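Okay, thanks everyone for coming.

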Amino acid sequence: MIDLIKNLYNKINRPVNLMEVCGTHTVAIFKHGIRSLLPEGLRLLSGPGCPVCVTSIKDIDKAIALSMLDNAILCTFGDMMRVPGAKKSLSEARAEGADIRVVYSPLDCLKIAEENENKKVIFFSAGFETTTPSVAGTIFEAERRQINNFFIYSVNKLVPPALDVLLQSDDVRIDGFIMPGHVSTIIGSKPYDFIASKHSTPCVITGFGADDILSGITMLLKQIAEGRAAVEIQYKSVVTENGNQKAVEFINKYFEPCDSYWRGIGSLPQSGLKLRDEYKQRDAEVVFKIDVPDSSEPKGCQCGLVLRGVKIPSECPLFGKACTPEKPIGACMVSMEGSCAAYYKYNR
Amino acid sequence: MCLAVPSRIVEIDNLLAVVDVYGARKEISLLLMPEEALIGDYVLVHAGFAIQKVDEEAAQDALRLIREIADAMEQEEFKE
Ligand code: SF4
């Protein structure tokens, strides 16, 4: 397969930038040592593909403010705990006494809500299309079981609109996308069609094994060499053209698109999800009307450039010095799927 | 964060199921499943919900791989 990649690359006869969108791919690519197998000039850039890394400082601050309301219990996924806000992280807020709990599934919040009827249980919900259906499913359950002290603070985001924006900026040329496996299990391949048709950029939805990733790369190079752009599926065992329509319906029943702020990138139109008006009695932002001051990105942190593939983490002056996984400055260093954390672990 | 883990269904009660993943038992919801799942089936599980059936061979391959990746990410949840 490596020979095939080299042949195709020689045929293309110019530098090629491929972007892996998903943080799990970033880790898998390091783990399998894929970069070292590729010809020089065939670069793999890490994209914005980790919901933890793109959660804004202001959203973290809001979640902390929610956790400090009277009689509130804030629940969230474990990876969110250490993401730095303007002054502190959720885990620091917890150490100061806020009732913040880590859940494995949003469904766990319902149990907590039932056991604490006189408290407001708020789920701080971050995630891409893979995760949002489980939040929608949890709202369905909350409605069915009439659990009225359960609320959602949604910073859920959508992958395709972010890629659209990346392709419109000209600070880095992306010749092809290695598309996320499990996001695509939900949405299927069709929502990426515009990337091939409007931007003429090839896409291959790829699995996480070394062979999967190499064959995904081969499929992309083939398209580039033939001057084609299409959305192809390498990860056929779990991804179809239409995805899991039932899960998509659940998302659409409870959520609608809204503008959303991506850390380091900025506000991207229609790239986030908020609860529909019919369910606003569960929307923590609407019900509790918290507001926190605007904040700026930490000084010197290049997360924004890293998330767009413009810089590699080691080009950030803080990388490995002021910023390490033990003491992260930017969110890309927090989650193990963040580019900076993955580089730190494998590539120093 | 977007990793879904293949898990074998060992019990079903309506829309609730118990799955076995790396020897640990977990209760999950079948609410989002696009098709019927039966005891013995492998399903991809994410955040407490099954989202898709997978065949056994693909599931075993994926489990091996996810353990490696999870080890790399130092996530306790997926280790034995
Ligand atoms: S190394 Fe740290 S400071 Fe630099 S871009 Fe990455 S997360 Fe930001």
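Let me start with what I call buried: a residue with 20 or more other C-beta atoms within 10 Å of its own, where exposed is 12 or fewer, partly exposed is in between, and the C-beta atoms are placed from the backbone. Keep in mind this is a predicted model, where local features need pLDDT of at least 70, side-chain atom pairs count only at pLDDT 80 or more, and totals for chains, interfaces and linings use all residues. Residues are numbered from 1 along each chain as its sequence is written, while chains are lettered from A and ligands numbered from 1 in the order in which they are written.

So, helix α3 of chain A, residues 57-67: nine of its eleven residues are buried. Helices here are DSSP runs of H or I with at least four residues, strands are runs of E with at least two, and both are numbered from the N terminus. Among the buried ones in α3(A) are A:Ile57, A:Ile60, A:Ile64 and A:Leu66, but also A:Asp59, A:Asp61 and A:Lys62. What do the buried residues of α3(A) pack against? They meet β3 (72-76), α4 (90-95), β4 (100-102), β5, β6 and α12 (284-288) of chain A. Contact, by the way, means C-beta atoms, placed from the backbone, within 7 Å.

Take β6(A) from that list, residues 150-154: five of its five residues are buried. A:Phe150, A:Ile152 and A:Ser154 point one way, A:Phe151 and A:Tyr153 the other. Its parallel partner is β5(A), residues 120-125, over five bridges, and A:Phe123 has A:Ile152 as its bridge partner. I call strands paired if DSSP finds at least two bridges between them.

Now the open sheet in chain A. Five strands, order β2-β1-β7-β8-β9, with parallel pairing. β2 and β9 (231-233) of chain A are at the edges with a single partner strand each, so one side of each has no neighbour in the sheet. The twist averages 25° from one strand to the next, with axes as lines fitted to C-alpha atoms (for helices over the stretch in contact) and angles from 0 to 180 degrees between N-to-C directions. Within that sheet, three bridges join β7(A), residues 176-179, to β8(A), residues 203-205, and A:Ile178 sits opposite A:Val204.

On to domains. Chain A is assigned domain 1 (1-297) and domain 2 (303-346), with bounds from an automatic or database domain assignment. Their C-alpha centres are 18 Å apart, and the contact takes 28 residues from domain 1 of chain A and 18 residues from domain 2 of chain A. On the domain 1 side, α2(A) gives the most, with five residues.

Last, the ligand. Which of the 14 residues around the ligand come nearest? They're A:Cys301, A:Cys316, A:Cys323, A:Gly330 and A:Cys340, where near means a C-beta atom, placed from the backbone, within 6 Å. The shell has twelve nonpolar, two polar and no charged residues; nonpolar is Ala, Val, Leu, Ile, Met, Phe, Trp, Tyr, Cys and Pro, charged is Asp, Glu, Lys and Arg, and the others, Gly among them, are polar.

Definitions and conventions
Contact = placed C-beta atoms within 7 Å.
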